[in-house]
Amino acid sequence: MANKRALKKNVNLICDELYIDFIAASLYGNTHDDKILANILETIDKMQSNTLSRISHPEPGMSKGKYFKDLKKQFKTSVLEIADQISNL
């Protein structure tokens with residue numbers, strides 16, 4: 001398992017890439033509905049802050065290996081869902 005600092009850095013890099021992809025898709029895509037665009041931005045922001053918070057404060061009672069493995073799995077699933085939403089713009 002990587003240390004928390006490296007994990008946080010990777011989460012921030014991935015979220016930055018999602019923001020960049022979102023901006024490009026919103027500028028060149030066909031969707032101009034502000035509610036949909038705002039919802040995607042809000043989803044990215046919430047996912048990033050939730051994940052960083054969960055990295056900083058792991059749940060007591062779970063082994064660290066299992067906790068971080070589950071955290072990475074949930075993060076990956078969220079990223080793929082958001083990437084699908086962005087690609088549909």
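Predicted model: local features only at pLDDT ≥ 70, side-chain atom pairs only at ≥ 80, totals over all residues.
View 1. Taken along the principal axes, the box filled by the C-alpha atoms is roughly 45 × 20 × 15 Å.

**View 2. The helices and the contacts of the chain.** The protein contains 3 helices and 0 strands, so that, read from the N terminus, its elements follow the order α-α-α. Among the contacts in the protein with a separation of 6 or more, 77% are made by residues 24 or more positions apart.

**View 3. The largest nonpolar core.** This core holds 19 residues, and those with the most contacts inside it are Leu18, Phe22, Ile44, Met47 and Ile86. Two or more residues are contributed to the core by each of α1 (4-28), α2 (34-56) and α3 (64-87), with α3 giving the most, at 7 residues. In soluble globular proteins, nonpolar side chains tend to be buried together.

**View 4. The surroundings of Phe22.** When its neighbours within four places in sequence are left aside, Phe22 is in contact with Leu37, Ile40, Leu41, Ile44, Ile86 and Leu89. Two of these partners, Ile44 and Ile86, are listed together with Phe22 among the residues with the most contacts inside the largest nonpolar core.

**View 5. The charged side chains.** The protein carries 13 positive and 11 negative side chains, and a distance of 14 Å separates the centres of the two sets.

Conventions
Residues numbered from 1 in each chain as written. Heavy atoms only, no water. Helix = DSSP H or I, 4+ residues; strand = E, 2+ residues; numbered from the N terminus. Contact = heavy atoms within 4.5 Å. Lys, Arg positive; Asp, Glu negative; His and termini not counted. Charge placed at Lys NZ, Arg CZ, Asp CG, Glu CD. Core = buried A, V, L, I, M, F, W, Y, C linked by side-chain atoms within 4.5 Å. Buried < 20%, exposed > 50% of the residue type's maximum accessible area, 1.4 Å probe, protein only.
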